[in-house]
Amino acid sequence: MKLGTCLYNHQTYVCIAEGEYVLIPALDAAFDQPQWRDMLTLLDSGTDLQAPLQAASAVMRVPLKEITLLAPIPRPRKNVMCLGLNYLEHAQETASQVGRTGKAPQYPIVFTKCPTSVTGHNVDIPFDPDTCSQLDWEAELGVVLGKGGKKISRENALAHVFGYTVINDLSARDIQLNHKQYFLGKSLDGGCPMGPWLVTADEIPDPQALDIACRVNGIGKQASNTRHMIFDIASIIEWLSRGMTLEAGDVIATGTPSGVGFVREPPEYLQPGDVVECEVAGVGLLRNRIAQP
Ligand code: MG
């Protein structure tokens, strides 16, 4: 099932993708409950997702073109947790630039993006040349937890995953390098496009076998497969939860493959008018345009 968060008639709803339509359960009085108006409430509630499908009524069905899709979780409760250098070829391509050896990290490198950076599919990314002139792309598989916990074992970890989405971990390289720390350069407004959908885990039998790609203006920049992650999703959850309680609704960006812009010869950065597409097979295609300043 592909779940989304949408605006329809100036109200926010949870919706379910259905071809050229979406089902908006809350439009039917039988499903007009808080969990069908807010994705985080839905994740907390453990609601039966099949119920509105089984009782689908005409009033729920709205043409896709009549809604505005937002990020599946428009405002996460916490920072988005991100893996750095989690694909070996990316660790190698950036080694000289970031003063590392290019070897696979022994422990996961984790940083975060603040919740206000989250934006949706097809939403223009603000571009402020006074703040950042080196905006770079990073296509990533996003993981959304449905069940929290602490000291989650690798063996049980995937049972805590609610679903998957696509994330573009947009990165202001000048800010990231000038300030010696990832957070500011990773947290620009609009710097975390996410979506279009949150695909439930039952539709993705093996999240470590998904093609992942990034294109800018239709030109391929990144092409890999999630099997090349250094720390797989189960290991990431195990590591993150060792000393920190994870919760339903937590979002994890699992790292980007090689092909980012700042290590190219010459370096390439996103410019106003550019269209950047991040795609994970079976999960979705996330498209954003860089706005004019
Ligand atoms: Mg990244």
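Colleague: Start with Glu140. Is Glu140 buried or exposed?

Modeller: Buried. This is a predicted model, and in it Glu140 has 0% relative accessibility. The cut-off for buried is under 20%, so Glu140 qualifies.

Colleague: What about Asp169, buried or exposed?

Modeller: Asp169 is buried too, with a relative accessible area of 0%.

Colleague: Which residues coordinate the magnesium ion?

Modeller: Glu138, Glu140 and Asp169. The two Glu residues use OE atoms and Asp169 uses OD, at 2.0 to 2.1 Å.

Colleague: What spacing do the donors follow along the chain?

Modeller: The pattern is E-x1-E-x28-D. Glu140 sits in strand 10, while Asp169 is in the loop between strand 11 and strand 12 (171–172). The pair is 29 residues apart in sequence, so it ties those parts together.

Colleague: New topic. How many residues of helix 6 are buried?

Modeller: 6 of the 8 in helix 6, residues 233–240. That is why helix 6 is largely enclosed by the rest of the structure.

Colleague: Which ones are they, in helix 6?

Modeller: Ile233, Ala234, Ser235, Ile236, Ile237 and Leu240 are buried.

Colleague: And what covers the buried residues of helix 6?

Modeller: The cover includes strand 6 (80–84), strand 7 (109–113) and strand 10 (139–145). Strand 11 (161–168) and strand 16 (251–253) are also among the covering elements. Strand 10 is where Glu140 lies.

Colleague: Let's zoom out. What does the domain assignment give for the chain?

Modeller: Domain 1 covers 2–70 and domain 2 covers 80–289. Their C-alpha centres lie 27 Å apart.

Colleague: How much area do domain 1 and domain 2 bury between them?

Modeller: About 1100 Å², with 70% of it on carbon and sulfur atoms. On the domain 1 side, Lys2, Leu43 and Leu69 supply 54% of the area buried against domain 2. That is more than any other three residues.

Colleague: How many salt bridges does the rule find across that interface?

Modeller: It finds 1 between domain 1 and domain 2. Lys2 also forms a salt bridge with Glu203, the closest N and O atoms being 3.8 Å apart.

Methods
Residues numbered from 1 in each chain as written. Predicted model: local features only at pLDDT ≥ 70, side-chain atom pairs only at ≥ 80, totals over all residues. Heavy atoms only, no water. Buried < 20%, exposed > 50% of the residue type's maximum accessible area, 1.4 Å probe, protein only. Helix = DSSP H or I, 4+ residues; strand = E, 2+ residues; numbered from the N terminus. Contact = heavy atoms within 4.5 Å. Donors = N, O, S within 2.8 Å, 3.2 Å for Na, K, Ca; no water. Domains from an automatic or database assignment. Buried area = accessible area lost by both parts, 1.4 Å probe. Salt bridge = Lys/Arg side-chain N within 4 Å of Asp/Glu carboxyl O.
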